[in-house]
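Please keep the structure in view while reading.

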Amino acid sequence: MENNESILQVTNIDSSGQFQLVNSGKWAKFIGIVYLVIAALMLLIAILVFANLDLIANSLMNINGMSQEALAFMLGAGKWLFALMMALSCFILFLNGFFLVKFGAATKSYFIAYAEDTLSDSFHHLGRYLMLTTVLSILSTVFSVAAIAYYLIK
Amino acid sequence: MENNTNLTPVIKTHIATTVTWARYAAVLSFVNLGLAFLQLIVGAIKGNLNIFGTVLSFIISGVITLVMSINLLNYSKYAKSSLDNGDSVHLYQALYHLRTYFIVMGVLFLIIISLLILFVLIAIIAAIVAASH
């Protein structure tokens with residue numbers, strides 16, 4: 001009892017606050033796991049598509065019809081552009097998932113042990129996740145402005 | 001009566017970092033929502049728009065974005081206030097808004113996963129029915 005009181009005095013997040021934090025952690029962990037699964041699936045799909053791109057390109061050419069230039073691009077630079085985009089997407093999804101899972105795990109550890117460093121860890125990972133979200137939002141803003149400019153010029 | 005927090009400097013530093021980034025992320029979400037609205041208007045003016053579908057998807061995504069951004073902004077506001085004044089009630093409110101932010105996102109993910117599973121099941125049933133005929 002005395003031990004618990006002294007710990008609560010150090011962090012002083014009361015039981016209702018702890019409930020909110022731990023609940024946030026549980027949802028964050030779930031979201032993080034979904035991100036990681038999506039990243040793994042994307043990676044798998046990218047590898048399969050990359051390995052069979054010749055076959056896919058030929059099939060597409062037979063179904064829709066495709067110029068030789070388009071086919072050459074698809075099998076040349078397009079192939080590597082696709083690989084780069086997929087790798088980047090997987091990496092971003094993985095990072096998002098990683099930070100959220102770490103945040104969830106740290107809040108759970110805090111709830112079990114009430115250790116100060118686990119609380120510090122949880123906010124550290126939350127900060128990193130929010131930083132990544134902000135960077136992605138900036139990219140989204142830039143693309144949106146570019147899309148609007150393109151529409152207006154066209 | 002105010003309850004004072006007694007957070008250590010290290011924890012305060014990490015919370016302060018989350019406050020800054022949460023505010024930036026929330027404001028940028030509002031900006032992106034405004035830009036999406038602008039895209040809608042430009043699309044309508046140019047005439048290349050499926051009005052019903054586009055407006056409906058904008059309303060749904062807009063409401064979700066708005067709810068999440070408001071919660072993130074409130075988290076930032078209350079957490080900053082808690083750091084400035086040492087008020088544990090504000091810290092509780094900040095954590096409440098953080099929880100709501102993650103719940104909205106989590107429920108959204110659950111809905112998307114459920115819909116995906118439903119589509120896959122429908123596709124499998126349709127394939128079985130087509131194969132049996």
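In this predicted model, chain A exposes about 8900 Å² of surface, and carbon and sulfur atoms supply 71% of that area. The charged side chains of chain A number 7 positive and 8 negative, with the centres of the two sets lying 12 Å apart. The accessible surface of chain B comes to about 7500 Å², of which carbon and sulfur atoms account for 74%.

As for secondary structure, chain A holds six helices and zero strands, so that, by the DSSP runs used for numbering, its elements read α-α-α-α-α-α from the N terminus on. Chain B has three helices and, again, zero strands, and its elements run α-α-α from the N terminus.

The overall dimensions of each chain are set out below.

In chain A, 34% of the 154 residues count as buried, and among its contacts between residues at least 6 apart in sequence, 71% join residues at least 24 apart. In chain B, buried residues make up 35% of the 133 residues, while 73% of the contacts between residues at least 6 apart in sequence join residues at least 24 apart.

Which residues have the most contacts inside the largest nonpolar core? This core has 39 residues, and those with the most contacts inside it are A:Phe123, A:Leu126 and A:Tyr129 from chain A, together with B:Ile15, B:Tyr75 and B:Phe102 from chain B. At least two residues of this core come from each of α2 (15-51), α5 (77-113) and α6 (116-153) of chain A, and likewise from each of α1 (9-46), α2 (51-85) and α3 (88-132) of chain B. The element that gives the most to this core is α3(B), with eight residues. In soluble globular proteins, nonpolar side chains tend to be buried together.

Leaving aside its neighbours within four places in sequence, B:Tyr75 is in contact with A:Phe123 and A:Leu126 of chain A, and, within chain B, with B:Ile15, B:Thr18, B:Ala22, B:Ala94, B:Leu95, B:His97 and B:Leu98.

Terms used: Residues are numbered from 1 along each chain as its sequence is written. Chains are lettered from A and ligands numbered from 1 in the order in which they are written. This is a predicted model: local features need pLDDT of at least 70, side-chain atom pairs count only at pLDDT 80 or more; totals for chains, interfaces and linings use all residues. Side-chain values use heavy atoms; hydrogens and water are left out. Helices (H or I, at least four residues) and strands (E, at least two) are DSSP runs, numbered from the N terminus. Buried means under 20% relative accessible area, exposed over 50%, partly exposed in between (1.4 Å probe, protein chains only). Contact means heavy atoms within 4.5 Å. Accessible areas come from the Shrake-Rupley method with a 1.4 Å probe; for residues, only the protein chains shown count as cover. A nonpolar core is a set of buried Ala, Val, Leu, Ile, Met, Phe, Trp, Tyr and Cys residues joined through side-chain atoms within 4.5 Å. Lys and Arg count as positive and Asp and Glu as negative; His and the chain ends are not counted. The place of a charge is taken as NZ of Lys, CZ of Arg, CG of Asp or CD of Glu.
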